[in-house]
Amino acid sequence: MRTTTSRAAGLALALALAGLATLTAQVEDHTQIEYPPLAEFEIPRPEIFELDNGMRIFLMEDHELPLVRILARVRTGSVWEPAGKTGLAGLAGTVQRTGGTRSMTGDEIDDFLEARAASVETSIGGTVGFASMDCLKEDVDEVLPVFVEVLRYPRFAEDKLEIARVQANAGIARRNDNVNSITAREFSRLIYGGDSPLSRLEEYDTIASITTDDLAAWHARYYHPNNILLGVVGDFEPEEMKRRLRDAFGGWEPGPETELAPVAYDRERESGVYYIRKDDVTQADIRIGHLGITIDHPDYFATRVMNEVLSGGFSGRLMRSIRSTKGLSYGVGGGVGAAFLHDGVTSFRMQTKSSTMAESVDALYEEIRRMISEPATEEELQRAKETLLNSFIFNYASKDQVLGQQMLYAYYGLPADFLERYRENIEKVTAEDVARVAEAHLHPDEATLLVVGRAEDFDRPVSSFGEVVELDISIPPPTVAEEQVEMTAAAVELGRSVLNRMARAIGGESPGDDVAIQRTSKVVLSMQGQSMALTQTTIVVFPDRLYSVTATPMGERIAVIADGEGYVSMGGQSQPLPAERVEEQLSDLGRDLAYLARYHADPALEVAAAGDAEVDGTPCTEIVVRLRGAESRICVSGEGLPLRQTYRSTHPFTGVPGSFEVTLSDYREVEGRLVPHRRVTLVDGDELATSTLEAFEVDPVLAPELFEKPAA
């Protein structure tokens, strides 16, 4: 028996080697190998049924693992928010889950789900609302009622809304940190128009205006069973699951049906050349484009093939020309964009070093035009179609993915067989189709150009491409409803008197003669229950030079501002400070007490008395002071000691605007002036830092190289 098996195995190996030898003898290189046609790919279809209340349900069995996933798509979206409440949908989608329900708080839901390794999540996007539930098969009957309550009876708790507001504000504060995000966001706004719901931005004021009543009203308007598609995928028996869902949702009364209303945007927007200054980058970020098409457009599949010819990885025209041949960029791509309820954005994008910005724009325009003038070759066409078809299967590798796609197309009203027709529609695209859609949907001479970067480093000015509009991407500060101080003659006179008294107390006999101030302090920072100790030395050279060195557990950090420019160094690496950060820090000098003492007689300084106050039992006079665009309120004692200072600024950790309160105490005489040795800083009532002064020096001897710009 052993001998027979051994001979059979040897014979099989010999035949295999003979076959391989025959194959290799027939072709000279891999391009001559003939492959059989792709096998037919049958996409599984979910079972669809509808409850009496109008909820459509999609069921797809998958018994591979003992898990069940429920998905909901709700006819709602942020594009239908009131203009003055931008951010409402996002907050509603967050607090719907975190705020709890009529029977459980959000924290109780967290504990309940964690004990079962389950999850329930909600969110709202631009044109659709989402909800999901994941759990073990054995826990469906316990978790499903929680999911139902989250959908039907969210509580929208005030404390959870406040947390969501803080998170939203943190996102606003950081939205200009990443150059790619800036370019993508502002380019989309240029294409759709600033007044379009597709272009609106959350701002501090719009977030602050949103209340729990707004969230409840939003939910009441959109969350009805006849506005929901529900999908279930996993290990279940269909009839049993139908019974569960009828019991869970059958008693939910239908409401007004919401149509997916058309989204307003500027369809006739003119092209232009735009620039955004970003001084803290060494590359230029570039976008060129215009409006695209909708997904149900007859040319959709032909444009997918054309896009692949243009930017299909390393074999696409853009990468071969702009990266491989010309060496202008590591990554370049783009094409005709498509969306569901509105035209997409046709966008071609790349990053390049600043010194080749204009050369790269020229190259990008050239390749877009060449797509029109030099149609795809047969080889390019076949490669593009094969790539699309070969990658198609990976989008539907699981039944979860298939269910999500089927629900997506049903939600937006596309044919149920859209997926099945994908392969057929790609295969029948011809070279003539690609040439036709290139001419019909690529308009380089009518395109909008956006460049983000440092203009001084460009090889040619952006204006070489046309008249330039520089965009302002600064973040509007929140509107603060504070009691306004009337600048009457009496208030100004009293305020000036109090300020002069403060200047003499903390600045000595002649504070206006100071050249520089140097302070060294021990600082304990507090954030979310954690604390960190550090040592900081700051030097102010009047009127506008700053130097600080901070010893942290991660190493020494140096920041310098001189001659209107700034940089920060850490770990031997230096980088420039953004122009807006330099401007912000120079403006903050207008709140520095030593700076105010130095310039107390400056005509540009505005001051007025705001009334009597008390700090820890000590009577004082509150004054409002404005200098360098910064405003603060200072409570000054009868001896001229500033006891408390309040102002609005951004949180140093989160970047979110907040109300700062600094209490000053432990005054000691240093070089003929009274200097506070203890400062406690609160932000929105929470302690941020406690600072203990260790050294204070007036007009220190400074090394000449202290403010020199580091070598590039």
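The model is predicted, so local features need pLDDT of at least 70 and side-chain atom pairs count only at pLDDT 80 or more, while totals for chains, interfaces and linings use all residues. Residues are numbered from 1 along each chain as its sequence is written, and side-chain values use heavy atoms, with hydrogens and water left out.

Let us begin with the cores. A nonpolar core here is a set of buried Ala, Val, Leu, Ile, Met, Phe, Trp, Tyr and Cys residues joined through side-chain atoms within 4.5 Å, where buried means under 20% relative accessible area with a 1.4 Å probe, protein chains only. The largest has 67 residues, and Ile288, Met357, Leu364, Met371 and Leu442 touch the most other members. Helix α12 (residues 357–373) gives the most to this core, with 8 residues; helices are DSSP runs of H or I, at least four residues, and strands are runs of E, at least two, numbered from the N terminus. Leaving aside residues up to four places away in sequence, Leu364 is in contact (heavy atoms within 4.5 Å) with Ile286, Ile288, Leu318, Ile322, Val332, Phe348 and Met350. A second, separate core of 57 residues includes Met55, Ile210, Tyr223 and Val232.

Now to the strands, which pair if DSSP finds at least two bridges between them. Strand β18 (residues 555–562) pairs antiparallel with β19 (residues 565–570) over 6 bridges, and Ala562 stands opposite Glu565. Their hairpin has 2 residues between the strands, and Asp563 in the turn has a positive phi of about 55°. On to β20 (residues 573–576): 4 bridges join this strand to β19, again antiparallel, with Val568 partnered by Gln575. This hairpin also has 2 residues between its strands, and Gly571 in the turn has a positive phi of about 60°.

Methods. Buried < 20%, exposed > 50% of the residue type's maximum accessible area, 1.4 Å probe, protein only.
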